[in-house]
Amino acid sequence: TGLSRPQRMLKAVQKNATKGDPQSVIAAIDYYCRHKEWAMNVGDDKGPILDSVVSEVNPSTALELGTYCGYSTVRIARLLSPGSKLITVEFNPAYAAVARQIIAHAGLQNKVTLVEGGSGDLIPKIKEQFGITSFDFVFLDHWKDRYLPDIKLLEDCGLLKKGSVLLADNVICPGTPEYLEYVRNSPRYKSQYFQSYLEYTKAEDGLEKSVFLG
Ligand SMILES: C[S@@+](CC[C@H](N)C(=O)[O-])C[C@H]1O[C@@H](n2cnc3c(N)ncnc32)[C@H](O)[C@@H]1O
Ligand SMILES: O=C(c1ccccc1)c1ccc(O)c(O)c1[N+](=O)[O-]
Ligand SMILES: [Mg+2]
């Protein structure tokens with residue numbers, strides 16, 4: 001049956017992107033997904049919004065839930081200051097294998113720790129395994145029904161502090177109604193919606209930025 005979609009994406013990166021150049025990796029993936037075959041990367045409409053929030057927060061510690069092929073991992077890691085760390089979580093081993101190669105092609109492997117496993121299993125182990133006391137920034141982009149349970153888990157594990165920023169993809173399409181209701185009505189969060197488009201399409205989608213108030 002040949003190569004998988006992630007493997008075809010990896011080939012496009014290896015063919016068209018310059019090793020050690022994150023911007024060319026991002027451009028190669030966006031070109032492939034816009035002109036050859038759609039894939040569920042945050043993409044080049046929402047990507048600049050992600051970039052602006054990451055740059056504003058300038059996190060020392062960052063967490064990404066849902067790696068897939070590593071597109072948003074590269075977007076985030078390329079903006080991190082020296083010594084900052086991004087942990088990204090992916091429970092599909094085939095996707096994780098492709099992501100490692102794409103992250104390496106961008107030359108960002110020293111800034112990124114890719115953990116294979118489920119977010120629900122990993123989050124409670126983060127403090128002991130990585131010596132991280134809290135996250136400055138969290139990008140939520142895994143299965144949409146996991147957003148709410150996982151932020152509650154982050155709260156309960158004491159991994160959020162006053163000022164921690166959560167940025168959630170797909171709050172309109174496919175949609176995350178329970179998560180939105182929670183962060184928009186909880187006194188513990190200050191939320192803001194950034195309207196955009198579902199990656200590589202004209203459908204509406206957007207990102208929700210929520211600041212933890214402690
Ligand atoms: C939309 S894709 C991630 C896209 C990526 N953030 C980007 O923008 O390039 C969602 C990914 O989350 C993974 N995933 C879903 N639920 C998960 C969970 N509970 N723990 C870890 N990975 C999960 C899926 O296997 C899939 O690769
Ligand atoms: O759920 C889908 C989906 C549903 C149906 C078919 C393909 C993808 C999706 C669509 C756009 C996203 O940005 C995204 O993060 C996801 N996801 O899987 O997490
Ligand atoms: Mg998404």
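The model is predicted, so local features need pLDDT of at least 70 and side-chain atom pairs count only at pLDDT 80 or more, while totals for chains, interfaces and linings use all residues. Residues are numbered from 1 along each chain as its sequence is written, chains are lettered from A and ligands numbered from 1 in the order in which they are written, and side-chain values use heavy atoms, with hydrogens and water left out.

- Asp141 sits in the loop between strand 4 (135-140) and helix 8 (147-156), and Asp169 in the loop between strand 5 (160-168) and helix 9 (171-175), 28 residues apart. Helices (H or I, at least four residues) and strands (E, at least two) are DSSP runs, numbered from the N terminus.
- Asp141 counts as buried at 13% relative accessibility, and Asp169 is buried at 0%. The cut-offs are under 20% relative accessible area for buried, over 50% for exposed, and partly exposed in between (1.4 Å probe, protein chains only).

**Strands**
- Strand 7 (residues 204-212) is mostly covered, with seven of its nine residues buried.
- Strand 5 pairs with strand 7 in the antiparallel sense over four bridges; Leu167 stands opposite Lys209 there. Two strands pair if DSSP finds at least two bridges between them.
- On strand 6 (residues 189-197), nine bridges make an antiparallel join to strand 7, and Phe194 stands opposite Leu207.
- Strand 6 and strand 7 form a hairpin with six residues between them, and Tyr200 in the turn has a positive phi of about 60 degrees.

**Nonpolar core**
- The largest nonpolar core has 41 residues, and Met9, Ile29, Leu50, Ile76, Ile102, Phe137 and Phe139 have the most contacts inside it. Such a core is a set of buried Ala, Val, Leu, Ile, Met, Phe, Trp, Tyr and Cys residues joined through side-chain atoms within 4.5 Å.
- Among the elements that each supply at least two residues of this core are helix 1 (5-16), helix 3 (43-57) and strand 3 (112-116). Helix 2 gives the most, with six residues.
- Gly47 lies in helix 3 and counts as buried at 0% relative accessibility. Its C-alpha atom is separated by 9.4 Å from that of Ile76, 29 residues apart along the chain.

**Salt bridges**
- The structure holds 16 salt bridges, each being a side-chain nitrogen of Lys or Arg within 4 Å of a carboxyl oxygen of Asp or Glu.
- Arg34 and Asp45 meet at 3.4 Å, N to O. Arg34 is in helix 2 and Asp45 in helix 3, so the pair ties together parts 11 residues apart in sequence. Arg34 is partly exposed at 39%, as is Asp45 at 28%.
- Lys46 and Asp205 form a salt bridge at 2.8 Å, N to O. Lys46 lies in helix 3 and Asp205 in strand 7, so this pair ties together parts 159 residues apart in sequence. Both Lys46 and Asp205 are buried.
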